[in-house]
Amino acid sequence: MTLIIIFVLGLVVGSFLNVVVYRLHSGESVVFKRSHCPKCGHELAVLDLIPVVSFIWLNRSCRYCQTKISWQYPLIELTTAILFVLLAQNFQFSIFNFQFWYLLTVICFLIVIAVFDYKHYLILDKVIFPALALVTVWNIFLDLTTHYSLLTTHSHFVSGLEGALLVSGFFGLQYFVSRGRWIGFGDVKFGLLLGSLFGFKLSLIFLLVSYAIGGAFGLILIVFGGKKLGSKLPFGVFLSASAIIMMLYGLKLTNWYFKLLGL
Ligand SMILES: [Zn+2]
């Protein structure tokens, strides 16, 4: 039962995230405007807004002007729903817990960053900094509610700062050396968020995972997608995907990796 509720919640939230991505680009208010068709501007009724179902039922097109609707919409809805379920599974579906909702919110931010970067090759401060604020507040909250105290070496807050310096510094170095050709400045700022999220130790693993995933995808795109070595790739997509994988399977990955090294 919980599974179905979480899945449906994921579909609804995914539908909202599509709107967020669209309106961040168009500059419309995310909250205070009724949904409308981006082509003809017709306000959408409830029937047009059911995640995935409307898309299939209306034969992938707007009821009012027949413009085809992008596959992005149901794809993001389904992806969000599946990620919500996978996260809930990590919590054995006992979801009355702050950490679950915190991680769920972070995943939403990462989805918006990934989709926006994929479409526009841009990572927005408007998305990064609210997420960074959330993660920082969470780290401080953890310090205040556990026996660790702020500003000691065991502090989540301090570990977050170290992680932010590590990831952002690592990206910043590449940005500096390549004069922005390998990596964008948006990724450098994204590094602050990712490092704070994972803390110092997990940030090291995160960098390994993201370069493995980025490299694999890059290779696939070059071999099958007609991209050239040195083509511009939306790096934020790989970073977001890696971060979500780390959030879901970080512990397992870390154990596996240390075993591999014989530690
Ligand atoms: Zn329309």
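Mentor: Let's start with domains: the bounds come from an automatic or database domain assignment. This is a predicted model, by the way. Here the assignment gives domain 1 as 1–96 and domain 2 as 121–263, and their C-alpha centres lie 27 Å apart.

Trainee: How many residues of domain 1 are in contact with domain 2?

Mentor: Two residues are in contact if their C-beta atoms, placed from the backbone, lie within 7 Å. By that rule, five residues of domain 1 meet four residues of domain 2. Helix α3 (residues 72–90) gives the most to domain 1's side, with four residues. That side of domain 1 divides into four nonpolar, one polar and no charged.

Trainee: And what does UniProt list for residues 8–90?

Mentor: The unreviewed entry has "domain: Prepilin peptidase A24 N-terminal" there.

Trainee: Which residues does the "transmembrane region" annotation cover?

Mentor: Among the ranges in the unreviewed UniProt entry are 127–145 and 197–224. Compare such a record with the coordinates. Residues 127–145 are 100% helix, and the end C-alpha atoms are 27 Å apart. Residues 197–224 are also 100% helix, with 34 Å between the end C-alpha atoms.

Trainee: How far does helix α6 reach from its first C-alpha to its last?

Mentor: α6 (residues 156–178) has 23 residues and reaches 32 Å, close to the 33 Å expected at 1.5 Å a residue.

Trainee: Which residues of α6 are buried?

Mentor: First, the general idea. An α-helix has 3.6 residues a turn, so residues three or four places apart point the same way. In α6 the buried residues include His 156, Ser 159, Gly 160, Gly 163, Ala 164, Val 167, Phe 171 and Tyr 175. The buried residues of α6 pack against α5 and α7 (185–224).

Trainee: What is Ile 123 in contact with, leaving aside neighbours within four places in sequence?

Mentor: Its partners include Ile 113, Asp 117, Ile 128, Asp 187, Phe 190 and Gly 236. By contrast, the C-alpha atoms of Ile 123 and Gln 92, 31 residues apart along the chain, are separated by 33 Å.

Terms used:
Residues numbered from 1 in each chain as written. Predicted model: local features only at pLDDT ≥ 70, side-chain atom pairs only at ≥ 80, totals over all residues. UniProt positions renumbered as here; feature names shortened; annotations may be inferred. Helix = DSSP H or I, 4+ residues; strand = E, 2+ residues; numbered from the N terminus. Nonpolar A, V, L, I, M, F, W, Y, C, P; charged D, E, K, R; others polar. Expected span 1.5 Å × (residues − 1). Buried ≥ 20, exposed ≤ 12 C-beta atoms within 10 Å, placed from the backbone.
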